[in-house]
Amino acid sequence: MANYYDIDGILMEEEFVPVVFQKAINGVNIDESTEKGCVEQGSKTELPFWLAHELHMRQAVSISVPTCFNQKTRLEIQADAACVDLRSRCPYFYEFGCKLAPLCDKSIGLLLSYAFQIRYKEVLHKAHTTAFAAASKFLMLLTKEETYLYEAAQSSMLAFKKWRMGGPRLQRASILGRKRKPAE
């Protein structure tokens, strides 16, 4: 039940995707161009992912690849994945891509895997070595998923430094300090 109200999941499903209607549909008003209250077969528009997914399952629309996964993005990621601003293209790049890939283009999965492998190393490196001022600029390029990784890496690094610098290395368990009552 905790994931039911996942705000990131809700926002991710609000991303728009291009669709082509496979059937004519009466009684709907998708945008201002459909004044008659119907959408003709072959009409193209953009819909929120949650709606496009439902219509796709009912074979009413086919989903096209959104611009955040187009050829230009793919070429930029292949050139230098660590420098691509994925957040401006889609804040939920990886999760959105995982949900979208089976519906329109299975090669999105390969793109996600490649981008994540390259960027993961960079995120961890920056989290462990970058000063706060430089990190804020770097954080502006990261997707929501990568930001969570960055914060987790920083947190683990701080915990490690705290352990290494302070306090006794081994602590005696409190239960070991108690003496048993003699058996009568």
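**Helix packing and a strand residue**

Modeller: This is a predicted model. In it, helix H5 (residues 93-104) packs with helix H6 (residues 108-129) at an angle of about 160°, and their axes are 8 Å apart.

Colleague: Which residues of H5 and H6 meet?

Modeller: From H5 they are Phe 93, Tyr 94, Gly 97, Cys 98, Leu 100, Ala 101 and Cys 104, and they meet Ile 108, Gly 109, Leu 111, Leu 112, Ala 115, Phe 116 and Arg 119 of H6. By kind, the residues of this contact divide into eleven nonpolar, two polar and one charged.

Colleague: Changing topic, where is Val 19, and is it buried or exposed?

Modeller: Val 19 lies in strand S1, which covers residues 16-21, and it is buried, its relative accessible area being 1%.

Colleague: What does Val 19 touch, leaving out residues up to four places away in sequence?

Modeller: Its contacts are Ser 43, Lys 44, Thr 45, Leu 47, Ala 52, Val 61, Ser 62 and Ile 63. Ile 63 is 44 residues from Val 19 in sequence, yet the C-alpha atoms of the two are 4.5 Å apart in space.

Colleague: And how many helices and strands are there in the protein chain?

Modeller: The protein chain has eight helices and five strands, and buried residues make up 31% of its 184 residues.

Conventions:
Residues numbered from 1 in each chain as written. Predicted model: local features only at pLDDT ≥ 70, side-chain atom pairs only at ≥ 80, totals over all residues. Heavy atoms only, no water. Helix = DSSP H or I, 4+ residues; strand = E, 2+ residues; numbered from the N terminus. Buried < 20%, exposed > 50% of the residue type's maximum accessible area, 1.4 Å probe, protein only. Contact = heavy atoms within 4.5 Å. Axes fitted to C-alpha atoms, helices over the stretch in contact; angles between N-to-C directions. Nonpolar A, V, L, I, M, F, W, Y, C, P; charged D, E, K, R; others polar.
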